Amino acid sequence: MIPASEKFLTILNRAEIEYVVIGGVAMVAHGSAKATFDLDVCYNRSKQNIEKLCRALAPLHPRLRGAPKNLPFRFDAKTVAAGLNFTLATDLGDFDLLGEVAGLGFYDAVYNSSVLKRVEKISCRVLSLDGLYRAKKAAGRDKDLEALKEIKGLKELTERLSEE
Amino acid sequence: MTPKQRKLAYELITNPPPGSAIAAAKEYGIDLTLLVENLDLTVAQRLRKLYSVASFLEKLRQSNGPGR
């Protein structure tokens with residue numbers, strides 16, 4: 001299922017959760033033409049943030065994506081604190097929750113590589129093109145080669161246009 | 001994007017400066033016209049466009065299920 005990103009971001013903001021949008025949605029926010037099917041965010045792993053995150057997402061019934069239906073899973077602060085990265089399906093769509101991003105590190109490093117974007121009434125931190133480049137390079141998958149070329153092209157295009 | 005920026009964007013993607021990242025992306029096969037179109041939109045418009053495309057692709061994917 002495709003996530004309704006704006007609804008998701010509203011929920012995260014209302015709950016004052018510390019997060020940065022990363023992955024395909026961040027790419028699109030910067031102008032990429034790639035389609036994506038999930039919303040990826042990097043979250044602060046502080047106890048308080050994890051608790052707020054679990055409370056805010058509970059009404060969306062988060063469950064492990066692709067896991068057998070009979071596999072016991074409880075999305076609570078204890079589970080999130082014990083894990084790191086989660087690929088979830090929710091009532092609003094697929095949602096990946098990353099405590100650490102390859103090539104960047106944990107939330108603080110990801111935050112420092114992010115920029116503030118406005119989606120109409122919603123403000124959110126989005127991983128910068130430089131940050132996306134580092135993350136994609138570290139991921140090193142075949143499909144990331146195209147993304148790397150696109151990010152570099154987009155960055156140059158954006159910089160040249162902002163000079164006008 | 002201002003009309004001047006739009007004009008420059010199309011100039012840059014039509015004849016990218018040799019050795020530039022724009023030239024490398026074009027040579028790799030990235031459709032730069034799509035990037036310029038997206039840069040001309042607000043972030044909210046980019047996300048709506050994404051979900052409109054992704055919704056269609058999702059329906060297409062579901063229609064390819066077994067026995068269809």
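**Figure 1. Surroundings of A:V126 in the predicted model.** Leaving aside neighbours within four places in sequence, A:V126 is in contact with A:V20, A:V21, A:A26, A:A29, A:S114, A:V115 and A:K117 (contact: C-beta atoms, placed from the backbone, within 7 Å). The model is predicted: local features need pLDDT of at least 70, side-chain atom pairs count only at pLDDT 80 or more, and totals for chains, interfaces and linings use all residues. Residues are numbered from 1 along each chain as its sequence is written, and chains are lettered from A and ligands numbered from 1 in the order in which they are written. A:V126 lies in strand β9 (residues 122–127) of chain A; helices (H or I, at least four residues) and strands (E, at least two) are DSSP runs numbered from the N terminus. A:V126 counts as buried because it has 23 C-beta neighbours inside 10 Å (buried: 20 or more other C-beta atoms within 10 Å of the residue's own; exposed: 12 or fewer; partly exposed: in between; C-beta atoms placed from the backbone). The C-alpha atom of A:V126 is separated by 13 Å from that of A:S32, 94 residues away along the chain.

Figure 2. The buried residues are A:G23, A:G24, A:V25, A:A26, A:M27, A:V28, A:A29 and A:H30. After the helix comes A:G31, with a positive phi near 120°. For A:V41, the contacts beyond four places in sequence are A:Y19, A:V20, A:V21, A:I22, A:L97 and A:L98.

**Figure 3. The side of chain A that touches chain B.** The contact draws 27 residues from chain A and 30 residues from chain B. On the chain A side, two or more residues each come from α1 (5–14), α2 (23–30), β8 (114–119) and α7 (142–162). The largest share, 12 residues, is that of α7(A). By class, this side has 10 nonpolar, five polar and 12 charged residues; Ala, Val, Leu, Ile, Met, Phe, Trp, Tyr, Cys and Pro count as nonpolar, Asp, Glu, Lys and Arg as charged, and the others, Gly among them, as polar.

**Figure 4. Crossing of α7(A) and α2(B).** The axes of α7(A) and helix α2 (residues 21–28) of chain B come within 8 Å and cross at roughly 140° (axes: lines fitted to C-alpha atoms, for helices over the stretch in contact; angles: from 0 to 180 degrees between N-to-C directions). α7(A) contributes A:E146, A:K149, A:E150, A:K152, A:G153, A:K155, A:E156 and A:L157 to the contact, and α2(B) contributes B:A21, B:I22, B:A24, B:A25 and B:Y28. These residues divide into six nonpolar, one polar and six charged.

**Figure 5. Chain B and its helices.** Chain B has four helices and zero strands, in the pattern α-α-α-α along the sequence. Buried residues make up 24% of its 68 residues. The C-alpha atoms of chain B fill a box of roughly 50 × 25 × 15 Å, taken along the principal axes.

Notes
Two residues are in contact if their C-beta atoms, placed from the backbone, lie within 7 Å.
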